[in-house]
Amino acid sequence: MIILEEALVRLTSSLIQMESTTPDRINYAVEFCASWLQRHGVPVRLWENQGLKMITATIGQANAGSTLVLNGHLDVVPGHTENFIPRLEAGRLHGRGSYDMLGAVAAMMALITDLVQQPPKCRIILQLVPDEEKGGELGSAYLVEQGSIGDFVICGEPTNLDIAVQAKGVLQVKVEFSGISAHGSRPWLGKNAIVAAMQKYNQLATLDFMKESSRFFPAPSFNLAKIEGGAALNQVPDRCSLYLDIRYLPTQNPGDILESIRQAVPDAHVEMLRHGSPVTTDACNPYVQALHQSTAHIFGRETVLFGQDGSADTRFFAQYGIPAVEFGPIGANHHGPDEYVEIESLVLYQKILRSFIKQLEGKVNRDEIEK
């Protein structure tokens, strides 16, 4: 293992051990990263929003060319204690968050500390944020609102060195059915709201919008995430709520989907709980093409452009018309018990980003985008 790999493994392992699943632990991880970057000569700005900390680090020449945002989240999903003990095995670094996305964060940090020694002829903004796993509104969305934006954004989400140019939108809906209470021994005297909900569920899951497809997606996603209903075993339930997590296609209208649900269950109360816009970065965008070329050159194979079923912080930039992609190293099992990132891919990832930045210093700039 070369020294570069050892440094990335050490930094990623330190981040895994932070166990950044709570506000206090996330803030500790942010402070650790700020201190690490400052020790390596990188100027850092600390932000705070509703008790959650985040940092930005800006290097390069502001007026020389494009501004690239490298965005990484430090929060991870909860796990067992052993998930936060880094383990090296067969060229892989195992541990919670190694793949999603602390390995990418470590590579971005290492790259910035290298570039600060000889600043590029473009501007690079590193954003290390909280809250992505819970929605991102308190982290990346806040930074975007504060004006921390650029001409192109790379979120280091797990992609196996492919490039996610699109992402489905998020529509989370509560559908509440009403019934009539009665004694459990005489159910014919009441109206069971749970039964009514179950009878309608299959109809909801097979509405016409679920039969549509687009370039990167064969179909939307429809998940019955939670059911609430019933108060006592000896009572006919008079309320039942279905909580639906719908990931709709970039070509679809969430308002139309909501209306189709209401028409399918006219007697139920339909409430939108959360909406997140899709990402529709143009695959022919010059920045995407430059990243595509850098990846093929360094990795040695053709990169796949694809669409993510899930959502990421790219959507907060996309809402402002800023092209954003998900692009991260190779690994597997994120959010699972045996999550890992391939160590060699962290080195490749760092080299690809460096190659891409070289292109930003040259042919890819604002003038080309405007043409």
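Analyst: Start with the contacts. Among contacts in the protein with a separation of 6 or more, 79% join residues 24 or more positions apart. One thing to keep in mind: this is a predicted model.

User: OK. How many helices and strands does the protein have?
Analyst: There are 10 helices and 17 strands.

User: What box do the C-alpha atoms fill?
Analyst: Roughly 80 × 50 × 40 Å, taken along the principal axes.

User: And what about the radius of gyration?
Analyst: The protein has 23 Å. A compact globule with 371 residues would have a value near 21 Å, so the two agree.

User: How much of the protein is buried?
Analyst: Buried residues make up 54% of the 371 residues. As for the surface, the protein exposes about 16500 Å². Carbon and sulfur atoms supply 48% of that area.

User: What about charges?
Analyst: The protein has 31 positive and 42 negative charges. Their mean positions are 1 Å apart.

User: Let's zoom in. Where is helix H2, and what span should it have?
Analyst: H2 covers residues 23–39. It has 17 residues, and at 1.5 Å a residue it should span 24 Å. The end C-alpha atoms are 24 Å apart, which agrees.

User: Which residues of H2 are buried?
Analyst: They are Ile 26, Asn 27, Ala 29, Val 30, Cys 33, Ala 34, Trp 36 and Leu 37.

User: What follows H2?
Analyst: Gly 41 does, and its phi is positive, near 85°.

User: Which residues have a positive phi although they are not glycine?
Analyst: Ala 90 is one of them, at about 55°. Asn 333 is another, at about 65°. Most residues other than glycine have a negative phi.

User: Where are those two?
Analyst: Both are in loops. Ala 90 is between strand E4 (87–89) and strand E5 (92–94). Asn 333 is between strand E16 (331–332) and strand E17 (340–342).

User: Is Ala 90 buried or exposed?
Analyst: Exposed, because its relative accessible area is 78%, and the cut-off is over 50%. Asn 333 is partly exposed, at 38%.

User: Which peptide bond is cis?
Analyst: The one from Asp 100 to Met 101 is cis, with omega near -10°. Met 101 is in helix H3 (residues 98–115). Most peptide bonds are trans.

User: New topic. Where is Pro 130?
Analyst: In the loop between strand E6 (123–129) and helix H4 (140–145). Pro 130 is buried, with a relative accessible area of 0%.

User: What does Pro 130 touch?
Analyst: Leave out residues up to four places away in sequence. Then Pro 130 touches Ile 26, Leu 52, Lys 53, Met 54, Asp 75 and Gly 139. Lys 53 is 77 residues from Pro 130 along the chain, yet their C-alpha atoms are separated by 7.1 Å.

User: Last one: what about Leu 360?
Analyst: Leu 360 is in helix H9 (residues 343–361). It is buried, with a relative accessible area of 2%. Beyond neighbours within four places in sequence, Leu 360 contacts Leu 68, Cys 122 and Tyr 287.

Conventions. Residues numbered from 1 in each chain as written. Predicted model: local features only at pLDDT ≥ 70, side-chain atom pairs only at ≥ 80, totals over all residues. Heavy atoms only, no water. Helix = DSSP H or I, 4+ residues; strand = E, 2+ residues; numbered from the N terminus. Expected span 1.5 Å × (residues − 1). Buried < 20%, exposed > 50% of the residue type's maximum accessible area, 1.4 Å probe, protein only. Rg over C-alpha atoms; globule rule 2.2 N^0.38 Å. Contact = heavy atoms within 4.5 Å. Areas by Shrake-Rupley, 256 points an atom, 1.4 Å probe, with all protein chains shown as cover. Lys, Arg positive; Asp, Glu negative; His and termini not counted. Charge placed at Lys NZ, Arg CZ, Asp CG, Glu CD.
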